[in-house]
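This report walks through one chain.

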Amino acid sequence: MADVTLAALVLVFVAGLITALATGLGAFPFFVLDEVSDRLNVVLWGLASGIMLAASLFGLVREGLAEADRGPQLLPLGTYSGEIAVVVGLLAGVLLVVVAHEVVEGAEVNPRQYEEADFRKLVLILGILTVHSFPEGVAIGVSFADLNIEGMTLLGFTVPLLAVFMTVAISIHNIPEGVAISIPLRTMGVSNWKMVWWAVFSSLPQPIGAVLAFYFVRLARAFLPVGFGFAAGAMIYLVLTEFVPEALEEGAGLPGNGYRELVAGIVVGVAVMVPLAFI
């Protein structure tokens, strides 16, 4: 059983908080622009999709398989136990998002309603945001599993390179989400700084998920390959069922229905993140 100190929990929470704060950057274009074009929106969603796919496949899945090869397994599953552990995690991550969406189906909340939310509606909004943001927090927490074991020295900690990679990747990915949240708020006349706040608010489940996931995998290291797979499965499923459809909806009025912009964004996102994954 690995030691989990308060300082380590604070560090992981801060990493999750950084990704949440990055969502607020999505509101800053509206400090100088009245609106963001559909073409740019599609490219940004494509960029976010490419970043998350690269982070999931070349960061989480690759690390999960490596961890499975060098550590004890959750179950004695034979020669391919490592691969099976990661696959089980992938399927569990997809299942969680599917079930969570079923629970909140029909209760989608438009950011326009943030400003008018009473306590009951606020609880509902938080629940929905948790479904969307929690898997990303889990990915951050799992990526810190080797804290003070191997990695680079940072603020007195030995921080895994995967943790730095995932924090950067999810932070960049959160910026287009901040733009998407800010667009309807702009139409209803919400002030610039309030848009920043509501964008950050939408990602607040991430630092909580990061701490919980980190605590769990540190106490039960044998679950780590499953944990890596779980985070990757949830994020890949979110990309395919939410980010890509959102991009295509934004690009419906563009020539080619926005497919070119989406593919360009995905390619750039993957191209930027893959080299970082192999540093």
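Of the 279 residues in the chain, 48% are buried. Buried means under 20% relative accessible area, exposed means over 50%, and partly exposed lies in between (1.4 Å probe, protein chains only). The model is predicted: local features need pLDDT of at least 70, side-chain atom pairs count only at pLDDT 80 or more, and totals for chains, interfaces and linings use all residues. Residues are numbered from 1 along each chain as its sequence is written, and side-chain values use heavy atoms, with hydrogens and water left out.

The chain exposes about 12,900 Å². Carbon and sulfur atoms supply 70% of that area. Accessible areas come from the Shrake-Rupley method with a 1.4 Å probe; for residues, only the protein chains shown count as cover.

**Fold outline**

The chain has nine helices and two strands. From the N terminus on, the order is α-α-α-α-β-β-α-α-α-α-α. Helices (H or I, at least four residues) and strands (E, at least two) are DSSP runs, numbered from the N terminus. Among contacts in the chain with a separation of 6 or more, 81% join residues 24 or more positions apart. Contact means heavy atoms within 4.5 Å.

Two packed helices are described by the angle between their axes and the distance between the axes. Axes are lines fitted to C-alpha atoms, for helices over the stretch in contact, and angles run from 0 to 180 degrees between N-to-C directions.

Helix α1 (residues 6-24) packs on helix α6 (residues 192-201) at an angle of about 140 degrees, with the axes 7 Å apart. The pair α1 and α6 is therefore oblique. Angles under 35 degrees count as roughly parallel, over 145 as roughly antiparallel, 65 to 115 as roughly perpendicular and the rest as oblique. The crossing of α1 past α6 is right-handed. A crossing is left-handed if the near helix is turned anticlockwise from the far one by less than a right angle, and right-handed if clockwise. On the α1 side, Ala20, Leu21, Thr23 and Gly24 take part; they meet Val196, Ala199 and Val200 in α6. By class, this contact of α1 with α6 has five nonpolar, two polar and no charged residues. Ala, Val, Leu, Ile, Met, Phe, Trp, Tyr, Cys and Pro count as nonpolar, Asp, Glu, Lys and Arg as charged, and the others, Gly among them, as polar.

Helix α7 (residues 205-219) also packs on α1: the axes come within 7 Å and cross at roughly 145 degrees. This crossing of α1 past α7 is right-handed. From α1, Ala8, Leu9, Val12, Phe13, Gly16, Leu17, Thr19 and Ala20 meet Gln206, Pro207, Ala210, Val211, Phe214 and Tyr215 in α7. The contact of α1 with α7 divides into 11 nonpolar, three polar and no charged residues.

**Buried residues**

| Residue | Relative accessible area |
|---|---|
| Gln206 | 0% |
| Thr23 | 0% |
| Val159 | 3% |
| Ile140 | 0% |

What surrounds these side chains? The contact lists below leave out neighbours within four places in sequence.

Gln206 lies in helix α7. Gln206 is in contact with Gly16, Thr19, Ala20, Ser133, Glu136, Gly137, Ile170 and Asn174.

Thr23 is found in helix α1. Thr23 touches Asn174, Glu177, Gly178, Ala199, Val200, Ser202 and Ser203.

Ile140 belongs to helix α4. Its contacts are Ala15, Gly16, Thr19, Thr167, Ile170 and Ala210. The C-alpha atoms of Ile140 and Met166 are separated by 6.1 Å, although the two are 26 residues apart along the chain.

Val159 lies in strand β2 (residues 157-159). Val159 is in contact with Leu11, Phe144, Leu147, Glu150, Gly151, Met152, Leu154 and Val164. Val159 and Asp146 are 13 residues apart in sequence and 7.4 Å apart in space, C-alpha to C-alpha.

**Positive phi in two loops**

Most residues other than glycine have a negative phi. Asn148 has a positive phi, near 65 degrees. Asn148 sits in the loop between α4 (119-143) and β1 (152-154), and is partly exposed at 43% relative accessible area. Asn257 has a positive phi too, near 60 degrees. Its loop runs between α8 (224-250) and α9 (259-277). Asn257 is partly exposed, with a relative accessible area of 41%.
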